[in-house]
Each structure stands twice: as C-alpha cells, then as structure tokens.
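Me: I am new to this structure and would like to learn how to read it. Could you take me through it, one feature at a time?

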Amino acid sequence: MFTLAEVASLNDIQPTYRILKPWWDVFMDYLAVVMLMVAIFAGTMQLTKDQVVCLPVLQSTVNSKAQPSTSGKADFTTVETTTGQGEEASMRTVSFGSAPTVTPDIPLSRATSSQYQPTESGQELKKERKDSSGRKTNLDFQQYVFINQMCYHLALPWYSKYFPYLVLIHTIILIVSSNFWFKYPKTCSKIEHFVSILGKCFESPWTTKALSETACEDSEENKQRLTGAQSLPKYVSTSSDEGSPSASTPMITKSGFKFSADKPMIEVPSVTILDKKDGEQAKALFEKVRKFRAHVEDSDLIYKLYVGQTVIKTVKFIFILCYTANFVNTISFEHICNPKVEHLIGYTQFECTHNMAYMLKKLLISYISLICVYGFICLYTLFWLFRIPLKEYSFEKVREESSFSDIPDVKNDFAFLLHMVDQYDQLYSKRFGVFLSEVSENKLREISLNHEWTFEKLRQHVSRNAQDKQELHLFMLSGVPDAVFDLTDLEVLKLELIPEAKIPAKISQMTNLQELHLCHCPAKVEQTAFSFLRDHLRCLHVKFTDVAEIPAWVYLLKTLRELYLIGNLNSENNKMIGLDSLRELRHLKILHVKSNLTKIPPNITDVAPHLTKLVIHNDGTKLVVLNSLKKMTNVAELELQNCELERIPHAIFSLSNLQELDLKSNSIRTIEEIISFQHLKRLTCLKLWHNKIVNIPSSITHIKNLESLYLSNNKLESLPAAVFSLQKLRCLDVSYNSIALIPVEIGLLQNLQHFHITGNKVDVLPKQLFKCVKLRTLCLGQNCITSIPDKVSQLLQLTHLELKGNCLDRLPATLGQCQLLRKNGLLVEDHLFDALPPEVKEVLNQDTSIPFANGI
C-alpha cells in the first residue's frame with residue numbers, strides 16, 4: 001500500500017510553476033488531494049476491518065408460512081423451531097445472532113437456551129429439554145470461518161471490495177493529467193525556460209526603472225509641466241520607424257529642458273543610473289526573450305497538450321460518474337450467499353452481513369460529490385479554453401499604459417503561456433512586455449553605452465590617420481555614445497557595425513567634422529543634425545549588404561564632394577538600385593562604387609556633368625554596358641577594376657578631359673585600340689596592370705603626353721622600342737612579366753624617374769639604363785642579374801634600389817657615390833651588403849633612422 005507522502009509526491013510541482021497554474025488547476029489539485037485521502041482512508045479501513053458474517057438459512061424456515069421478516073434489523077438471523085411452539089422459542093433462537101461466543105462442540109440450540117435459563121423456571125426448562133425445542137445447526141467455528149471467506153468472494157459485489165483502489169487509481173490518473181504538460185519532454189524545457197525568464201524579468205531592476213520612467217512621463221504633473229514643450233523643436237528622424245520612441249520626452253530631457261520645481265516630483269534622471277551588473281543582466285534578458293520568442297512562437301504544442309489533458313480529465317469525470325451510478329446500489333449491508341458446499345456443511349444458502357457497507361456508502365457519497373465538483377471545473381476550463389483565441393496575445397493595454405508603443409503581439413505557445421500567467425497575476429505580463437520592446441532595449445543600450453564610453457575613454461581612441469587627420473573608429477557598439485559629439489576637434493568619424501546608430505543634434509558642435517564612414521550602419525539622423533551634415537560634410541563612405549541599408553538622407557547632402565558606396569547594387573537583385581536621388585548631389589566630384597554591377601546605372605548620369613573621378617570596382621561580374629560613360633565629359637580619373645573587360649571600352653575614347661585611366665584586374669588580351677588614345681590629349685597615366693596582355697602595339701607612340709605606364713602582372717615577353725619614344729614618361733612599371741631583355745633604347749627616357757622590372761628574366765643591365773640620370777626608384781629584384789655595372793654611380797638622385805633575388809656575387813663600390821641612397825632604401829641580401837667596403841657602408845648608413853633587417 002502507498003503511503004500518503006509517496007502518493008502526494010505525484011502532485012508535487014515545483015513552486016516556480018505556480019504562476020502557470022490558474023485557480024481552477026490549483027482547486028483541482030486540492031480536490032485530488034482530498035480524493036487521495038478518501039482512497040487511503042477507505043483502503044486502510046478495508047484492510048483492517050473489512051469482512052462478512054454469514055449464518056445458514058434453514059430449509060424448513062424458508063418453506064414455513066411464518067417466515068421471519070427481514071424488516072431491517074441487520075444484526076439478527078431468524079431460525080424457527082419445528083415444534084411450532086411459537087414465538088417464545090423463536091425469540092430464544094433469534095438472540096443467537098448477537099451472542100458473544102459459542103463453543104463449537106455445543107449445539108446451537110443449547111447454547112442459545114442456556115443463555116436464557118436464568119429467566120425460566122425449572123419446570124419450563126425440563127419441558128423444553130424433553131420436547132427438544134430449537135434446531136441444531138451442526139456448524140462449528142472453523143466452518144463459519146470457511147463460509148465467511150467463501151461468501152466474501154462470491155456474494156460480495158466487486159465494487160464493494162475494490163472501491164478504495166479504484167478511487168486511488170482514478171485520482172492518480174487525474175493528478176498525472178493535470179501536471180502532464182509540465183513533465184512532457186517536448187514542453188517541459190520550454191515551460192521551465194519561460195518561468196525562469198519571467199521571474200528574472202519580473203525582478204530585474206531595469207523593469208522597475210522602465211516602468212518608473214513611464215509613470216513619470218504619464219503623470220498629470222508632468223503633463224502640466226510639459227505644456228510649454230510643444231513650442232520646442234522636435235528632432236524627427238528622416239528614416240522613421242513605427243516602433244521608434246517619440247522624440248518628446250527623451251529628447252527634451254537631453255536638450256536641457258527643465259521642469260518647474262513648484263511641486264515635488266520624481267525626476268527621470270534619478271532613475272537613469274543603472275548598475276553595470278544589472279545592465280548586463282538586462283541585456284542578457286533581452287537576448288533570451290528574443291530567442292525564446294523565436295523558438296516558441298513557431299508551434300502550439302503546449303496549447304494542444306493542455307487542451308488534450310483537460311479533455312481527458314473531462315472524459316474521465318464522465319466515465320467515473322456513469323459507472324459509479326450503476327454500482328452505487330450494489331453496496332448493501334445484507335447479501336444472500338449460495339456457496340454450493342452442502343456436501344461439506346449440509347446447508348445450501350447463507351445470509352451474510354457486510355460490516356463496511358455503511359462506511360463505504362458515506363465515502364462513496366463524498367467521492368461522488370468531489371468528482372462532480374471536479375467535473376464542473378473541467379467544463380469551465382474547456383469553456384475558457386475555447387471562449388477566446390488563446391493562441392493570440394495582445395499587449396494593447398500595456399502599450400496604452402506605457403511609453404513602449406512597439407511591444408508586439410505574440411502568438412501560439414508564447415501567447416498561451418502569457419494567458420496562463422494572466423490568470424495568476426497580470427502584473428507579470430506587464431513587466432514581461434518591457435523586454436519585448438525594442439524601444440526599451442534601445443534605452444537600456446543607450447544608458448549602458450553612455451556609462452561605459454565616457455569622454456575620457458573616447459579621447460584615448462582618437463588617432464591620426466594617413467592624411468594626418470584626427471580620426472575616431474567605433475566598432476560593434478550598441479549605439480553612438482553621447483560623448484562622441486563633445487569631441488569638437490574630430491575630423492573623421494567611422495561607425496562600423498552599429499545597427500542602432502542615431503546622430504542627434506549635438507553633432508552640430510563638431511565643426512571640424514568633414515568625413516563620415518557608415519559601415520553596415522544605417523544611421524538615423526535628426527532634422528537639426530541633418531541640416532548640419534548637409535552644410536558641412538564633404539566625404540561620405542557607406543558600406544552595406546543590401547541597398548536598403550543606405551540611409552535616405554545620404555541623397556540629400558547637397559554639399560557632398562566625395563561619395564563611396566560599397567555593397568550589392570546589382571540591378572537583378574535591386575529593382576530600385578538606390579541611386580535615384582543622386583541628381584540632388586550637385587557638388588559631387590568623386591564617386592566610388594565597389595559592387596557587382598552588370599552595367600553602369602543610368603542614374604549615375606544625373607551627376608555625370610559634375611564628376612571628376614569615377615571608380616567602379618566589380619567583384620568579377622562582367623560589366624557590359626558602358627555607353628553612359630560618354631556623358632561624363634568632365635571625368636579626369638576613371639577606374640574600371642575587376643570588371644572582366646576583354647578590350648578597352650570605346651566609350652572611354654570620348655572622355656576628352658580624361659587624365660588617368662586604370663583598367664586593373666580585367667581580362668584584356670590585346671590593346672590594339674590604344675591608338676584611339678591619341679584623341680585624349682590630357683591622358684598622362686595609363687594603368688593596364690593585372691591583365692593578360694601579350695604585346696604592346698607600336699601605336700602607343702601616339703600618346704604623346706603619357707607620363708606613367710603600368711603594365712605589371714601581364715604576359716609580356718619583350719618591350720618594343722615604341723615605348724621608349726614617350727619622352728614624357730616618368731614612371732614605367734613592367735614587373736612580373738616574362739621580359740628577358742631591357743632594350744638599349746631605354747636610355748632615351750631622360751625624364752624617367754621610376755623603373756620597375758621586378759620578377760622578370762633579365763640577366764644583363766644595359767649601360768644605357770644609367771643614362772636615365774633622373775631615376776629615383778630602380779626595382780630589379782627577382783631576376784637573373786649577375787652583376788651591377790659601376791655606372792650605377794651616375795644615378796645621383798637614386799633613393800630606392802631593389803636587387804634582392806638575383807644572382808649577384810658582389811655589389812659595386814661605386815654605390816657610395818649615389819648621394820641620396822641610404823641603407824633603408826637598398827633592398828639586397830645581408831651578405832652582399834656586408835661585403836661592401838667600410839667607407840661605402842658608412843656612407844649608406846648616414847642619417848638612417850629605420851633599422852635594416854634581412855635586407856628589407
């Protein structure tokens with residue numbers, strides 16, 4: 001038999017789950033406990049006192065006309081005598097049923113008569129003995145025990161014997177059905193996680209702070225004090241979101257608006273201080289709530305399971321009530337037993353009494369009452385489950401009572417759990433809603449961010465960039481700290497991976513700011529801040545994944561000079577390519593697009609007359625349509641890199657003002673069209689590096705004004721003499737080709753200052769090379785050169801000489817006569833440098849501050 005403690009443990013749900021148990025579940029748990037007590041009490045009574053007592057029914061008595069009346073005295077069995085002496089003898093034998101004990105060897109009639117001998121006269125006693133009054137039963141004690149045991153199993157109905165066990169089984173099933181959704185493997189983890197998050201959200205200091213601010217904002221006193229705020233300018237973001245906080249309260253507080261002190265009130269700044277540990281905990285809660293919502297909202301298993309267990313309990317209630325009603329009348333005090341053992345005892349029928357019948361009826365009535373109450377509660381639960389859509393939950397009231405108007409409605413299991421919590425206490429869902437609001441999360445981030453990134457810390461991160469400008473780079477923050485806008489001398493501001501970046505009006509203090517970088521950072525700008533940027537910003541870098549990340553205000557910066565766009569602008573993926581409003585950028589001079597274009601967007605032509613530099617870096621996508629280039633008459637610099645071009649586009653030959661052309665990293669094999677460059681009178685720099693060019697046509701001589709020619713990383717095997725007819729050529733780069741010979745005509749390039757032929761197959765340096773006395777940079781590394789002529793001393797302006805990776809045995813001592821050459825500009829193996837005469841090394845080591853290591 002189970003103990004009460006063991007059975008009660010089945011109903012032992014963790015106290016933390018109480019918030020998910022509405023009043024009906026709690027009440028049904030109490031009813032289940034009472035039913036357990038009924039089962040245990042009835043079972044205990046049945047184990048200790050349950051029995052039947054049987055007496056034989058005489059055949060003569062059954063056939064007699066004067067059959068005894070079984071009018072309800074359940075403690076007696078009537079046995080009549082055959083002498084017909086009437087009621088006196090009958091009364092004497094009736095008392096046997098209540099006789100305390102009878103010796104088995106003494107006949108029943110004698111035992112009965114001897115009990116009443118004191119009330120009779122001696123003469124009457126002799127007469128009765130003579131007439132043999134009464135009837136012997138011929139049954140001893142062991143036979144009665146045998147009959148009682150047989151009749152207990154034969155005559156007693158099964159419901160009377162197993163009633164306590166049925167109650168126990170039914171109650172256990174009801175308890176399991178009530179708490180199954182807490183234990184089911186696919187729901188228990190979600191419920192446990194929800195209860196844990198809910199408790200932390202309820203107790204989080206951030207929840208109290210957020211609701212306190214709401215109370216301050218919605219109080220009547222604040223409304224009275226804010227009546228004058230309507231006249232203040234509101235800073236509304238041009239890229240507004242429906243879920244963004246209204247600019248009234250937070251912006252007014254930041255802009256220095258002070259409330260009247262006539263009446264005491266709670267100041268909002270008094271609750272803005274949040275402990276760092278509490279802030280981190282609140283951040284973690286926002287993340288947990290977001291992940292939990294995504295995990296739970298996609299199914300309704302918890303709801304279905306709860307409905308299913310409620311239906312099971314209702315069906316169980318109906319089943320118990322129906323079969324109990326059929327068997328309730330079988331519990332009786334009197335039962336007739338026919339054991340069919342007359343060959344052993346001589347009697348065929350016995351009349352038995354069940355001593356537990358009275359108590360079982362009382363317990364049965366109690367049990368039926370409890371079951372009825374339990375069933376009505378189940379029916380109410382089903383009514384509640386289907387009365388309203390429990391798979392939808394709206395925070396409408398919370399939105400009305402708080403400033404967090406962006407709290408989203410939830411659905412499926414998430415909604416059902418919140419409905420269950422509301423039955424316990426609606427305050428839980430109200431406080432929980434704070435962590436579903438992006439506005440609340442942004443406020444927390446803003447407070448934590450400003451607490452961490454102080455003015456002193458930001459000042460330490462300011463550095464000087466390559467252009468000697470003061471630069472601040474903020475990476476992967478939750479927002480832009482307010483202290484940034486106190487750095488009034490900042491010139492370059494980089495914001496990278498800051499999805500919630502907001503630029504307030506305080507940016508107008510940064511009068512020196514001219515360059516802004518937005519890397520995956522769709523910043524929102526207030527109206528006053530936008531006005532400042534429109535008038536002061538000169539350079540803007542925008543790096544994005546999708547064109548929608550480009551802020552709309554970018555296209556309204558009328559004074560912008562340089563725009564750098566890095567991201568996906570493929571027209572196949574973006575029907576609205578995002579450059580529709582470039583026509584407003586009337587002062588734009590430089591446009592840099594690094595994307596995967598298949599054609600130059602027609603919208604770029606809106607600013608074409610103003611552009612002086614256009615850079616398009618593709619990721620290997622073939623750029624096909626280039627007719628738009630013809631409209632860019634003022635372009636002086638054009639870069640088309642990694643565009644899979646196979647020939648020089650003809651549209652380029654229409655750009656009369658072109659000065660520099662860069663076609664790096666394409667698939668150009670031939671440059672026969674180079675003759676058309678003779679029409680570009682201003683072209684001074686031609687970069688055809690990193691292509692597949694095999695030879696240089698002699699028509700290159702027509703580019704008379706060419707000063708720089710870059711042909712590195714191609715497949716050239718020789719240099720035609722036509723190249724050396726370009727008398728204005730100052731830089732020639734043919735590195736990393738297959739050139740084996742430097743033509744002697746190189747001596748004609750008297751203006752040559754930079755010559756790069758690294759990574760080729762040159763083995764001999766012509767003496768004419770050293771007639772180029774204006775050479776400053778001479779890169780001869782990774783060739784097959786065996787010696788350096790002494791005439792290298794003629795290069796008096798040489799500052800950089802690369803010889804590493806050749807077959808040199810020594811260096812000429814005349815290197816010391818190169819007056820501007822120093823050790824840090826000489827790239828050669830260590831042993832060759834060490835072999836130089838000491839006086840030469842001393843000359844090369846003069847005025848060197850950069851250490852020489854490994855010849856680099």
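**A first look**

Reply: Buried means under 20% relative accessible area, exposed over 50%, and partly exposed in between (1.4 Å probe, protein chains only). T187 belongs to helix α9, residues 185–203. Leaving out residues up to four places away in sequence, T187 touches W181, L301, I302 and L305, where contact means heavy atoms within 4.5 Å.

Me: What should I know about the model and its numbering?

Reply: This is a predicted model, in which local features need pLDDT of at least 70 and side-chain atom pairs count only at pLDDT 80 or more, while totals for chains, interfaces and linings use all residues. Residues are numbered from 1 along each chain as its sequence is written, and side-chain values use heavy atoms, with hydrogens and water left out.

Me: How many helices and strands does the protein chain have?

Reply: Helices (H or I, at least four residues) and strands (E, at least two) are DSSP runs, numbered from the N terminus. Here the protein chain has 24 helices and 24 strands. Of its 856 residues, 48% count as buried. Among contacts between residues at least 6 apart in sequence, 56% join residues at least 24 apart.

Me: Which residues does UniProt list for "transmembrane region"?

Reply: UniProt positions are given in the numbering used here, feature names are shortened, and annotations may be inferred rather than shown by experiment. The unreviewed UniProt entry lists residues 27–47, 162–182 and 364–386 under that name. In the model, residues 27–47 are 100% helix and 0% strand, with end C-alpha atoms 30 Å apart. Residues 162–182 are also 100% helix and 0% strand, and there the end C-alpha atoms are 31 Å apart.

Me: Which residues make the nonpolar surface patch?

Reply: Patches are made of residues with over 30% relative accessible area and no salt bridge; like charges are joined within 9 Å, and nonpolar side chains (Val, Leu, Ile, Met, Phe, Trp, Tyr) within 5 Å. Accessible areas come from the Shrake-Rupley method with a 1.4 Å probe, and for residues only the protein chains shown count as cover. In this model W23, V26, F27, Y30, V373, Y380 and F383 make a nonpolar patch of about 690 Å². Helix α2 gives the most, with 4 residues.

Me: Is Y30 buried or exposed?

Reply: Y30 counts as exposed because its relative accessibility is 56%. Y30 lies in helix α2.

Me: What about the inside: which residues touch the most other members of the largest nonpolar core?

Reply: In soluble globular proteins, nonpolar side chains tend to be buried together. A nonpolar core is a set of buried Ala, Val, Leu, Ile, Met, Phe, Trp, Tyr and Cys residues joined through side-chain atoms within 4.5 Å. The largest core here has 132 residues, and F677 and F755 touch the most other members. Helix α22 (residues 527–536) gives the largest share of this core, 4 residues. Apart from it lies another core, of 80 residues, including I19, M356, F395 and F404.

Me: How many salt bridges does the structure hold?

Reply: A salt bridge is a side-chain nitrogen of Lys or Arg within 4 Å of a carboxyl oxygen of Asp or Glu. The structure holds 17 of them. One joins R290 and E287, whose closest N and O atoms are 2.6 Å apart. Both residues lie in helix α13 (residues 276–296), 3 residues apart, about one turn of the helix.

Me: And which parts of the chain does the pair K391 and D300 link?

Reply: K391 forms a salt bridge with D300, with the closest N and O atoms 2.9 Å apart. This pair links distant parts of the chain, 91 residues apart: K391 is in the loop between α16 and β4 (392–393), and D300 is in the loop between α13 and α14 (301–327). K391 counts as partly exposed at 31% relative accessibility, whereas D300 is buried, with a relative accessible area of 15%.
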